[in-house]
Amino acid sequence: MQSSRLDRRQVDDNFAALDSSLSASEAAIEAQRCYFCHDAPCVSACPTGIDIPMFIQKIRSGNIIGSAHTILEENIMGGMCARVCPTEILCEQACVRHDHESKPVAIGALQRFATDPVLEGGIQLFKRGKPTGKRVAVVGAGPAGLSCAHRLAVLGHEVCVYEARDKLAGLNEYGVAAYKAGDDIAQREAQYILAIGGIRVETGAAVGVDTDLADLRARFDAVFLAVGLASTRRLNIEGEEAEGVVDAVDYIAELRQAADKSALPVGRRVVVIGGGMTAIDAAVQSKLLGAEEVSIVYRRGRAQMGASEHEQALAQTRGVSIRHWASPRAIQSENGRVSAVQFEVMAPGAGGGLNATGETYTMAADVVFKAIGQCLADAPLDGEQALERKNGKIVVDAERRTSLPGLWAGGDCILDGEDLTVSAVQDGKTAAASINRFLI
Amino acid sequence: MADLTTDFSGIRSPNPFWLASAPPTDKAYNINRAFEAGWGGVSWKTLGEDPPIVNVNGPRYAAIHGPDRRVIGFNNIELITDRPLAVNLREMRQVKRDWPDRALVASVMLPMNEASWARHIPMIADTGADGFELNFGCPHGMSERGMGSAVGQVPEYVQRATEWCKKYADVPVIVKLTPNVANIVYPAQAAHKGGADAVSLINTVNSIMGVDRDRLTIYPATGGMGTHGGYCGEAVKPIALHMVAAIARDPGTRDLPISGIGGVTTWRDAVDFLALGAANVQVCTAAMVYGFKIIEDLADGLSRFLDDKGMASVQALVGAALPSVTEWKYLNLNHVDKAHIDQEKCIKCGRCHIVCEDTAHQAITLSVNGERRFEVKDEECVGCNLCVSVCPIEGCISMRPMTSGTDPRTGMAIRRQAADWTVHPNNPLKDS
Ligand SMILES: Cc1cc2nc3c(=O)[nH]c(=O)nc-3n(C[C@H](O)[C@H](O)[C@H](O)COP(=O)(O)OP(=O)(O)OC[C@H]3O[C@@H](n4cnc5c(N)ncnc54)[C@H](O)[C@@H]3O)c2cc1C
Ligand SMILES: Cc1cc2nc3c(=O)[nH]c(=O)nc-3n(C[C@H](O)[C@H](O)[C@H](O)COP(=O)(O)O)c2cc1C
Ligand code: SF4
């Protein structure tokens, strides 16, 4: 592992090339392709239900600010979602253009085109509602927390957000790939959201450490938990402690915070273990930083991968190879540093299970990224043992109410959370509506 | 956001967007949906004498499509309402009661005898309608029966029928004009003389959509035969704008409020009508092509536009562009524009070159120093705007005024003071 495999400009160019926006004429041409469908399938396919045909119509008519309003009134993180949503499995998959020309309208790109000017110009499109005198605590300033806080402010409630880290925006700031979220968009968007007023933020305030949940529940009229998944899963195999075996999420967080990405340590032969978006991001970004060989190894098949086909294809066109049906068995090291990973070949078993075949192979590696999923940290929930959990996540109803009165939860930390920014935003909205009904 | 409330000749509505008298305003069902979507008012589908007319049971409509089957122009042979008068009146009364803040105008078409007006107008007014709109414009079917455009084309008839309506109506009377005339100002003046409170225009333009090229019959046809219809939609907007501006500028009609109709599809079209003197707009085809939901962008876009312009109300925009409209003879002949091609934006398709070469003034290069490159030759360019019009890239070719020096085409110095045809040496009738 070493730094400066590429110079700073090369690295910056590599990341910038993947972070492009439409020009005005590209947007005009693309907007013309929308049929303005009635009861449009794309709208149902968007977890936040943005009125897509209407925002595109507004682009077509030159009403760009109005277009941004249509987007942001359903999804206050429409700017980030335009960059990070796997649109090929969401809105764009539902586009009727597929049926006769197999090329959907580029909804995500148009959404970015419409929202960029509003974020850049700091144009406030929402007003804080008339104060209700009710106070709500939000734990976690990721997409779920900020979306809930904004909607509560629109409804006139006073909000206090507790965030463990120094910066706001959760995985928008520390997680999603740097090439999707350039130009400090996560922070600019968070500031835009807060500018509505009525939202107080405490950073470096970890609930469970600096305050506890029971205390918040006593002090506020309602509490929304949006803590995401702060712990990562272990491989639980021999050699896992070797130097060079890295948590992909931690590495990505470091990368997102690096002022000069070319100074980051980069492997020569990188092996990524996992099959989701995190695995893809660790692999692609290693390539962009100059790693020579990057492989993703996933224990199941292509169809079972959490990463969408588009993401997989992106990784492959960047030179990442993806291997399926192999599970890590041991990590070999030399002088305490990882040198190789031994895999066992797997086969699909009955009922979706996995069968070990006994056959193994070894891949040389100087960096191994673990990207096999995150789980809920216990700390924030200490002292609330009665809170119902399942598979290590918080159980909620359709309104995002937990088993405890006055406590709501949403985003990655809930059972059946979809691990998408857009779903977290929707959870925040749903919870805010429910909290509002509860308070008023 | 700017307030869109409008007062059109005493008829108030929350925004200046009304649905024109046509299928979208055929009955309570449609209109309730329109009001729920946010439309400011409606002109009810034209009422007539009982028994109601009948329509053909074949195609009433046909469209001209642009690229990607976008509807550019629209044609219809539909007549006025085909429902009994009593049914319409009952529904109108209910709609007005349910939507007191929206404008409800009764569009009417009656034969040229006063007795009919005397009998119908009070009956219709009794529904609580906010005003009347006299349909002197339908160019097909009804005109064969001496109504619609058959009235609208004869100023004396326009005046007489308007007088009859005014005599029996207490609410404002809007006269809806046909564009199928040589000069729109004459019927507008006649309406004014007849006491009209306002005019609305345009109704549809006489049209035949085409031919079925397999059968070699008119298209569309009902049982093999067809007839001319009325043309509307985006394609007719320039015709309508010209007529609106003409009435807004004519000394005999300029004080008449105008309801602008014809091709309004987005808020930008509405801005054009308002800036050229219309006090509100009416929409038919765009609603028929996209549904009532377009009102959201029409109202939102107009309101944001007014904000951008620092205008507090729609009224501030009405007529804003009129001072810039004049006659040809008053255009400044000393002004010199040259086309300019932005090489950064140019995609080198060559369209500007070939149209200028073949059909204009041979003023655009095909190559420069052996390389494919399109540049304007100032010594040939007359500033005609053809290249700007055909260039596929918006903003790539623009017109730039020359403000000093010599026009390389004419060798004449650029003069700052304006001079028009009325003083041009070539004008045999010039003011001496
Ligand atoms: C590497 C990676 C890449 C991804 N890429 C994409 C992508 O391209 N597209 C996409 O749609 N989704 C992507 N996701 C998923 C997406 O980021 C998450 O689904 C989303 O951020 C979840 O939002 P959240 O608000 O629930 O949680 P988070 O974003 O995790 O936010 C939780 C916040 O709570 C704070 N917190 C935690 N514990 C406490 C505590 N005790 N007290 C106070 N604050 C606390 C955290 O510091 C954090 O700020 C990616 C995820 C990862 C890990
Ligand atoms: C199908 C159809 C039916 C119409 N019927 C009437 C009518 O009954 N009365 C009337 O005054 N105008 C009628 N019109 C004309 C419209 O009200 C309007 O003046 C014209 O279509 C131009 O506006 P547009 O370009 O927005 O469609 C009709 C138009 C269409 C397309
Ligand atoms: S639009 Fe409705 S009424 Fe007209 S032809 Fe189609 S289905 Fe029939």
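This briefing covers a sheet, a ligand shell and a chain interface. The model is predicted: local features need pLDDT of at least 70, side-chain atom pairs count only at pLDDT 80 or more, and totals for chains, interfaces and linings use all residues. Residues are numbered from 1 along each chain as its sequence is written, while chains are lettered from A and ligands numbered from 1 in the order in which they are written.

**The sheet in chain B**

- Chain B has an open, antiparallel sheet of four strands, in the order 5-6-14-11.
- Strand 5 (61-65) and strand 11 (205-207) of chain B each have a single partner strand, so one side of each lacks a neighbour in the sheet.
- Strands (E, at least two residues) and helices (H or I, at least four) are DSSP runs, numbered from the N terminus.
- Two strands pair if DSSP finds at least two bridges between them.
- Strand 11 of chain B is joined to strand 14 (residues 229-232) of chain B by three bridges.
- Opposite N206(B) stands G230(B), in strand 14 of chain B.

**Around ligand 2**

- The shell has 13 nonpolar, 12 polar and three charged residues.
- Ala, Val, Leu, Ile, Met, Phe, Trp, Tyr, Cys and Pro count as nonpolar; Asp, Glu, Lys and Arg as charged; the others, Gly among them, as polar.
- Strand 4 (41-47), strand 6 (71-76) and helix 9 (285-290) of chain B each supply at least two shell residues.

**Where the chains touch**

- 13 residues of chain A are in contact (C-beta atoms, placed from the backbone, within 7 Å) with 13 residues of chain B.
- Helix 2 (24-32), helix 4 (52-60) and helix 5 (64-72) of chain A each supply at least two residues of chain A's side.
- That side has four nonpolar, eight polar and one charged residues.

Terms used
Two residues are in contact if their C-beta atoms, placed from the backbone, lie within 7 Å.
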